[in-house]
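Welcome! Let's take a short walk through this fold, one part at a time.

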Amino acid sequence: MTERIWDKFLTERDKAVFAASGYGAQGAWGERPALLVIDVNYAFCGEQPTPILESIKKWRTSCGEDAWEAIPVIQRLIGTCRERAIPVIYTTGQRRADKWDSGSWSWKNNRGSEAPKVDGSNRDGNAIMDEIAPGPRDLVALKQKPSGFFGTPLQSWLQLLGCDSVIVTGTTTSGCVRATVLDAFSQNYRVTVVEDGCFDRAQASHAINLCDMNAKYANVLHSEEVLEYLRGVPQGLFDLPSGAGMTQTAAE
């Protein structure tokens, strides 16, 4: 069996428990998927491929070079979904200028709430990366908490589109990706996480959270397997936005 990214972090006892308890079964694909791109913005990626300890000096929430390794994977997934007219839905953050609505973020992390802009950059940290910028027919959900579902129209959009499944990419694997996956699972969507299309600032957290999601909540698969599935999704399943009157960057 091919070694998984998380295997080196597991003890022999852990492996025996997973094998004996039946966790990690491969679930069936859904028939009407949507691609979710979670928080792939400048605050989490920085403006160029830079080692993480350098990148976080400027963007304190950056995932450094690991983000830039995932971006080409996400590009391919987005391109395939657009070709097949499969919904592409992004999330990113939103804050009041005075940060009053930071809430629990300001209580838990002593770095304070991430500013929309940082010194030496004209980029809004919440702006989605140019490399994967939303198109006129894509959707963007603005959020304030980890899950893409909490306090956003994501669930109603999936219902309107008639989706039965979601394919999740983005960041961070242990935070907003995982929270979104758990909420999708809890609402009985079939969930796939793209292993090489997600990233985190901590390598151990990335691997172990992929392991845990694969065990209980989602299929964790490499992008090549996901792309093969997407290419087989029939055309014309979804009543997507027309994009008429939209700029290149989709609005919420």
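## An enclosed strand

Strand β5 covers residues 190-199, and eight of its 10 residues are buried, so this strand is largely enclosed by the rest of the structure. Here, buried means under 20% relative accessible area, exposed means over 50%, and partly exposed lies in between, using a 1.4 Å probe and protein chains only. Helices (H or I, at least four residues) and strands (E, at least two) are DSSP runs, numbered from the N terminus.

Please keep in mind that this is a predicted model, in which local features need pLDDT of at least 70 and side-chain atom pairs count only at pLDDT 80 or more, while totals for chains, interfaces and linings use all residues. Residues are numbered from 1 along each chain as its sequence is written, and side-chain values use heavy atoms, with hydrogens and water left out.

## The partners of β5

Strand β4 (residues 165-171) pairs with β5 in the parallel sense over six bridges; two strands pair if DSSP finds at least two bridges between them. In this pairing, V168 stands opposite V193 in β5. Strand β6 (residues 219-221) also runs parallel to β5, and three bridges join them. There, T192 is opposite N219 in β6.

Together, β4, helix α7 (residues 173-186) and β5 form a right-handed β-α-β unit. Another right-handed β-α-β unit is made by β5, helix α8 (residues 203-216) and β6. Right-handed means that, with the strands pointing away from the viewer, the path from the first strand over the helix to the second runs clockwise.

## The whole sheet

What is the strand order of the open sheet? Its six strands follow the order β3-β2-β1-β4-β5-β6, with parallel pairing. At the edges are β3 (139-143) and β6, each of which pairs on one side only. Neighbouring strands of this sheet are turned by 25° against each other on average, direction ignored. Angles run from 0 to 180 degrees between N-to-C directions, and axes are lines fitted to C-alpha atoms, for helices over the stretch in contact.

Contact means heavy atoms within 4.5 Å.

## Two helix pairs

The axes of α7 and α8 come within 10 Å and cross at roughly 10°. That makes α7 roughly parallel to α8: angles under 35 degrees count as roughly parallel, over 145 as roughly antiparallel, 65 to 115 as roughly perpendicular and the rest as oblique. On the α7 side, T173, S174, V177, R178, V181 and F185 meet S205, H206, N209, L210, D212, M213 and K216 in α8. By class, this contact has five nonpolar, five polar and three charged residues. Ala, Val, Leu, Ile, Met, Phe, Trp, Tyr, Cys and Pro count as nonpolar, Asp, Glu, Lys and Arg as charged, and the others, Gly among them, as polar.

Helix α4 (residues 65-83) packs with helix α9 (residues 223-231) at an angle of about 5°, with their axes 10 Å apart. These two helices, α4 and α9, are therefore roughly parallel to each other. V73, R76, L77, T80 and C81 in α4 meet S223, V226, L227, L230 and R231 in α9. The contact of α4 with α9 has six nonpolar, two polar and two charged residues.

T80 is buried, with a relative accessible area of 8%. Leaving aside neighbours within four places in sequence, T80 is in contact with L227, L230 and R231.

Where is T172? This residue sits in the loop between β4 and α7, and a cis peptide bond joins T171 and T172, with omega about -15°. T172 is buried at a relative accessible area of 6%. Not counting residues up to four places away in sequence, T172 touches F44, C63, V177, R178, F199, D200 and R201.

Now look at D39 and N188: are they buried or exposed? D39, in the loop between β1 and α2 (42-45), counts as buried at 3% relative accessibility. N188, in the loop between α7 and β5, is exposed, with a relative accessible area of 69%. Although D39 is not a glycine, it has a positive phi of about 60°; N188, not a glycine either, has a positive phi of about 70°.
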